[in-house]
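Subject: Structure for you to look at

Dear colleague,

I am passing on the structure that we spoke about, and below it you will find my notes on what was found. Please read them with the structure open beside you.

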Amino acid sequence: MKIKFGNGFFLASILSYPVLLGAIFFFDLEPFRVTAPYFFIILLFLSIKIVRQRKFMISKQDSSNLLIILLVVLVSAINFTTVRYSIPILFATYSFILFLYLTTVESGFILKNKIVRRYLVIYLLMAVMFLFVSHAYMEVGERYIGFTGSPTTFAGLLAALFILFDTMTDQKRWIRVLTFLFVLFFVGLSKTRLVIIFLIGYPVLRYVINKKALNRGGVFLIFFLILFFVYSLYGIVVENYPELITLRYKDARDASFGLRYRLYQIVEENFFLGNKWEILFGKGNEYSRNLIIEKIGLDIFPHNDFIRLINDWGILGAGIFFVLLYRLALKNITSLLIALLYIVLWYSNMIFNLYLVSILIISSFYHENMGGARIRK
């Protein structure tokens, strides 16, 4: 695939990130240590391109979104604790620079959907190859990790690229259906239950949205509220669909949820113990993560990024971030579906995933254009 430096190179770099993880993980090395340096290099590349840009023409709508992202950057900076836990600051700054880059430098770039197709083929081929790698499976539940070092990360990254492929492609229906089944198969091997449920409902959801039977904003809000209160709904699922709960366990119990619910209670109780300033503006980046380390003795994250974000960034910070997601989700069907998948993955500690936010921001600039997708001017 021929890629010109400075014209689509950034997208190829982002889509190549999981491939790099696979190359590292193949040799049984820790893959996630490359994440921050990798995206920091991309951030520097984008910053240089922005600085070299002579003219800045930003629409009123883009200016509003840039201001909101800048507020997110400010929130993350206010909640700075240590460099060790500065990923939220990198996440916010990277999001701002990427949005500014797409608004100014690459405002007329045409993305051929064949690029997305080729990377999806690469992902699926790697998924097949790693079926024969012994350490690509977890000991507990025998969950398939794939090539990313984590079953939930594997499921999330694969599903995100599939959404790009499915909403941008001009392929025949049978090819899209076959691809969907392949993706569902591998996500099923990962036993990432919420992503499995999302993909099962995906065809109906996309059909309904395409037919404009449901307002995009309404879809996002309903999805968000259901996921926000998912623990309250859990009892109903246990009673009516126990097979979903025991997917990973043979003794008819859900050890995973038992732990997650305990982690949720720890963070929730800590939130209400905060003073007015902490409730409004947060207790600090990765405060909830450190709280779990203190209480449990393991760095296993809260496993609920909804309460994690509220506790770390406060009601105001979490509210600003929600407004940003809402505005990006309304841009087109691709960004809406990516946004929905993104918040699903908040139950897998992926709120600050730099790959997912890249796909979300990039997809918010797309509109259909003769066998490809053009980033809107």
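Of the 18 residues in α5, 15 are buried, where buried means under 20% relative accessible area, exposed means over 50%, and partly exposed lies in between (1.4 Å probe, protein chains only).

Please keep in mind that this is a predicted model, in which local features need pLDDT of at least 70 and side-chain atom pairs count only at pLDDT 80 or more, while totals for chains, interfaces and linings use all residues. Residues are numbered from 1 along each chain as its sequence is written, and side-chain values use heavy atoms, with hydrogens and water left out.

Turning to the chain as a whole, it has 18 helices and three strands, and buried residues make up 53% of its 377 residues. When contacts (heavy atoms within 4.5 Å) are taken between residues at least 6 apart in sequence, 75% of them join residues at least 24 apart.

Ala 159 is found in helix α7 (residues 151-168) and counts as buried because its relative accessibility is 1%. Leaving aside neighbours within four places in sequence, Ala 159 is in contact with Val 195, Leu 199 and Leu 341, and its C-alpha lies 9.6 Å from that of Ile 196, which is 37 residues away in sequence. Asn 311, in helix α16 (residues 305-329), counts as buried because its relative accessibility is 0%. With neighbours within four places again left aside, the contacts of Asn 311 include Val 267, Phe 271, Lys 283 and Tyr 287.

What, by contrast, can be found in helix α4? Leu 70 is found there, and this residue is partly exposed, because its relative accessible area is 43%.

With best wishes

Methods
Helices (H or I, at least four residues) and strands (E, at least two) are DSSP runs, numbered from the N terminus.
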